[in-house]
Amino acid sequence: MSSADLVTALYFYKMNHSGDNPENPDRDRLILSKGHSVLAQYAALAECGYFPKSILKTTKTFGSILQGHPEIRTPGIEANTGSLAQGLSVGVGIALGGKLDKRDYKVYVILGDGELNEGQIWEAITAASVYKLDNLVAIIDRNKLQASGPIKEIYDMGDIKSKFDAFCWKTFEINGHNMKEIIEVLDSVDKIKGVPSVIIAQTIKGKGISFAENVTGFHNAALTAEQFRKANLDIDNLEL
Amino acid sequence: MIKMSNLREAYGKELVALGRKEERIVVLDADLRGSTMSCYFAKEFPERFFEMGIAEQNMISTAAGLSLVGKIPFVNTFAVFATGRPYDQIRQGVALPKLNVKIVGSSCGLSDYGDGATHQSVEDIATMRSIPNMVIISPVDAVEMKKVVRAVVEYQGPVYIRINRNDLPILTDEDESFKIGKINKIADGKDITVFATGFMVYQALQARAILQDKGISVRVINVSTIKPIDVDKVKEYAKDVKGVITAEEHTIIGGLGGAICEVLSDELVKIKRVGIDDKFGQSASNYEELINYYGLTPQAIIEKAEELLN
């Protein structure tokens, strides 16, 4: 839920893409490097017509094209992710390919803040900087919780922005649930040339669902029938 | 006098030759272009060569990204770093989605003799073989090396190629065919079949010559594709002999020996494995010292043959 607003803004406002033509070589790409949030992406892809909404119910069941973590066999999924940190490197590869082929698509990669623990992330951040990948945009879903608890208590990496600054990325900070801010920052990123951009989006895990907000246990959890009913009520009553 | 040639040189030059015809080929290296010989491609096609720094995990996943936009990436570093360090990136990001990434492990086995155990890949076949969808090729000489590069460009899917660092004898002809998944008979015989790969094919041929003088007839098979293994031919060549020997510059656990034992597990045939005996490598002042110490010699093959026949 923490990345739901970001995913929504990308698929329904920003990105050049179409569920009718998922192989268009000029399409913008979204890679969900924090693959455990794939449910948000499946919902958006179904809404965009990549596959029928009816199969959403089969997610994580035997034989479904909607696996527990993203796989490219699902229409609209651009990279296999789930083992953390690989998504940003795949994004680097797709962005390099775009430069080589002189196509002007953009590659958006959503990262978790816990995911930044992985060493490979910093290899990819360096590579994007070395190759001046201004067609690559990392978006950090800064929900401040990782699988075992609050980042402050588990593995606090400190100031994320200054780290990206040091690697010569253009950095932006926004409220990841304020749609106006999200849209504005996505548009401003287009003007950045010669360096990759990162959007640090302050978010709330379980946003919009009263009993799940900021609760570590909802890192990758299924709702009971009763929780689902309550969650729907909460979302219906959200002030937009 | 047998002619020697270098596989890395052959690889680097063939990649350039193919790069002229096939624009989709891109090459990545992790600061070892002068050893892997991807330097030739870098010089000829600088825009299609990506220096990825000493960061192998990112290199593999970046190659995955390049393949997703239609490129044919060749990823280069030493075999030990090409397979061990980015194992997870290969498993999750290349093999699972069956991406068209070619992983080239240079200086395989003990062939980087001076650098010691950290730089010697004794278990890379075993780790790569355990990953679904992965093709593994271990060329025997510089002539076959070139055909391997051509074949893997044609083949759609992940491939691991292991390349010896040192000059090796040329044992095959230009006009012999190479097909992924097919084994080739180098010399025929009727008492023993030796399934060998890479440098060990030459050791098997030397053993064959000595055994011939002792009245023992040995068939030598070059197994350059270790996965998928040529099941039918392995069974055929094992059926009409008194015993089978496998020979590889790799641990005897999980490599070529493992693959042949798996294929022949339901056949009534005696099998002996020649390889590195569940040990790491070490430094030496030359390649031969290590070959002798780890028992990767014609003599080791001769002893196994005699054990099988007694």
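**Exercise 1. Find the residue of strand 2 of chain A that is the bridge partner of A:I31.**

Start at A:I31: the bridge partner in strand 2 of chain A is A:V109. Strands here are DSSP runs of E with at least two residues, helices are runs of H or I with at least four, and both are numbered from the N terminus. Next, look at the strands themselves: strand 1 and strand 2 (residues 107–112) of chain A run parallel and are joined by 4 bridges. Two strands count as paired if DSSP finds at least two bridges between them.

A quick note on the model: it's predicted, with local features needing pLDDT of at least 70 and side-chain atom pairs counting only at pLDDT 80 or more, while totals for chains, interfaces and linings use all residues. Residues are numbered from 1 along each chain as its sequence is written, chains are lettered from A, and side-chain values use heavy atoms, without hydrogens and water.

**Exercise 2. Work out the strand order of the open sheet in chain A, and which strands stand at its edges.**

First, read off the order: the 5 strands go 1-2-3-7-6, with parallel pairing. Then check the ends: strand 1 (29–32) and strand 6 (170–175) of chain A each have a single partner strand, so one side of each has no neighbour in the sheet.

**Exercise 3. Decide whether A:L238 is buried, partly exposed or exposed.**

Locate A:L238 in the segment after helix 8 (225–236) of chain A. Now take its relative accessible area, 37%. Buried means under 20%, exposed over 50%, and partly exposed in between (1.4 Å probe, protein chains only). So A:L238 is partly exposed.
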